[in-house]
Amino acid sequence: MTYQEQLSPWMVQQQLPNVENRVLARFRRRGDADAYLKLMKEMRPSLALSVIFSTEHVGSC
C-alpha cells in the first residue's frame, strides 16, 4: 500500500459478477465516501456498490 493510499483509507468499491471487487474512488473521510456512494447510486442504481475501510499497512512505524 502506498503512502497516498494510507492517507485515504475509505474506499467505494463495485462488486463485479465474477466475485471480484473494483475500487472506484478513495477518500480520507467516511462522510465523503458516503456522499460519493449516494451520488453513484442515484446515477447508476443497478451497480452493486459499498463503502469499505482499508486496514492494510506496510511495515511498522
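This short talk describes the fold of one protein chain.

Good morning. The structure is a predicted model, in which local features need pLDDT of at least 70 and side-chain atom pairs count only at pLDDT 80 or more, while totals for chains, interfaces and linings use all residues. Residues are numbered from 1 along each chain as its sequence is written, and side-chain values use heavy atoms, with hydrogens and water left out.

I begin with the overall fold. The chain contains two helices and three strands, arranged along the sequence as α-β-β-α-β. Here helices (H or I, at least four residues) and strands (E, at least two) are DSSP runs, numbered from the N terminus. The C-alpha atoms fill a box of roughly 40 × 30 × 15 Å along the principal axes. Of the 61 residues, 28% are buried, meaning under 20% relative accessible area with a 1.4 Å probe, protein chains only.

I turn now to the sheet. Strands of a sheet pair through backbone hydrogen bonds, either parallel or antiparallel. In this chain, the three strands form an open sheet in the order S2-S1-S3, with antiparallel pairing; two strands pair if DSSP finds at least two bridges between them. Strands S2 (21-27) and S3 (49-53) are the edge strands, each pairing on one side only. Strand S1 (residues 10-15) is joined to S2 by six bridges, and valine 12 has alanine 25 in S2 as its bridge partner.

What does helix H2 touch? Helix H2 (residues 30-43) packs on the sheet and touches S1, S2 and S3, where contact means heavy atoms within 4.5 Å.

Technical notes: Buried means under 20% relative accessible area, exposed over 50%, partly exposed in between (1.4 Å probe, protein chains only). Axes are lines fitted to C-alpha atoms, for helices over the stretch in contact, and angles run from 0 to 180 degrees between N-to-C directions.
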